[in-house]
Amino acid sequence: MTSGFDAFSLALFTTLAPAGVVAFIALALARLGVPGREAAVRLDRMVALPFSIALVGFIASATHLGTPANALHVFSGVGRSPLSNEVLAAVAFLFLAGSYWMASFKERFPDALARLWLLLGIGAGCMLVVCTSLAYAVRTVPTWDTPFTPANLVLGALLAGPVLGLLCLSAARVRSRGLETALAIVSFGALAAGAIVLGMRAESLGGIANNEFTAASLAPHYEAAVIVHCALGVLGAAAAAWSIRRALPERLAIILRITASILALLAVFVTRIGFYHLHMTVGF
């Protein structure tokens, strides 16, 4: 079983980084389709928000390495270690997103270069989410080595990320009815699918045990966490969906999206904490 601090830091990373990636992708899609120069500049400036959210998560995850020097050893396993692949993908995404944001302050920032940069950032972000979802495929940890693990992480990203994306669009003062509607639909769909997957995981815990523990005993309140996740997720997704109404004042829309983002992130975080408390090795 993981320590409370390790569980908190890793839960923070797997909540914030994937959500930040999806929010960045939402901004990038808006930027690729925006017609005006002024709106494009505002979107470029707002890349700082999803970048910062992902960066905070990455820094939090580094605390369980013990010392900064251990981070160097992580890269030695790139290609054969899921953890190394995850770290490399995170560094690549943060580099591309952060350097894009800084480069966008240039007075003459070629649009063709911006589009290529954003596409590379989208690709790196997708790789980060995929690598993070696969990092827990450890045969000696039967509670993690299940199809539910990658599914839960991806669906969590698709729940909170689009809501954060809506907030970024509001902060950039860019309205795109089609993109906003799509983001709200993705968030609701991920919530529904995620609730089913979490329920199936909770049901499976009774059949997993080693010589010392049963999986269910490691997280006795896991079912309650799933219920809290669903409640917070519904409130967050509903607030986000309500915010896309055209008749709403801009200030109210931003307040709704801030609230929705907090609720969605909390919904994901609750189940990520429970996931890390389910750490159990084969045998002892």
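Is R115 buried, exposed or partly exposed? R115 is partly exposed, at a relative accessible area of 31% (buried is under 20%, exposed over 50%, partly exposed in between; 1.4 Å probe, protein chains only). The model is predicted, with local features requiring pLDDT of at least 70 and side-chain atom pairs pLDDT 80 or more, while totals for chains, interfaces and linings use all residues. Residues are numbered from 1 along each chain as its sequence is written, and side-chain values use heavy atoms, without hydrogens and water.

**View 1. Salt bridges of D111.** D111 forms a salt bridge with R115, with 2.8 Å between the closest N and O atoms (a side-chain nitrogen of Lys or Arg within 4 Å of a carboxyl oxygen of Asp or Glu). D111 and R115 are 4 residues apart in helix α6, so about one helical turn separates them (helices are DSSP runs of H or I, at least four residues, numbered from the N terminus). D111 also forms a salt bridge with R31, at 3.1 Å. This pair links helix α6 to helix α1, 80 residues apart. R31 is buried, at 3%.

**View 2. The E180 and R257 pair.** The closest N and O atoms of this salt bridge are 3.4 Å apart. E180 is in helix α8 and R257 in helix α11, so the pair ties together parts 77 residues apart in sequence. Both E180 and R257 are buried.

**View 3. Helix α10.** The buried residues of α10 include Y222, H229, L232 and S243. They cover an arc of only 160 degrees around the axis, which puts them on the same side of α10 (the arc is taken from the directions from the helix axis to the C-beta atoms). On the other side, I227 and L235 are exposed.

Definitions and conventions
Helices (H or I, at least four residues) and strands (E, at least two) are DSSP runs, numbered from the N terminus.
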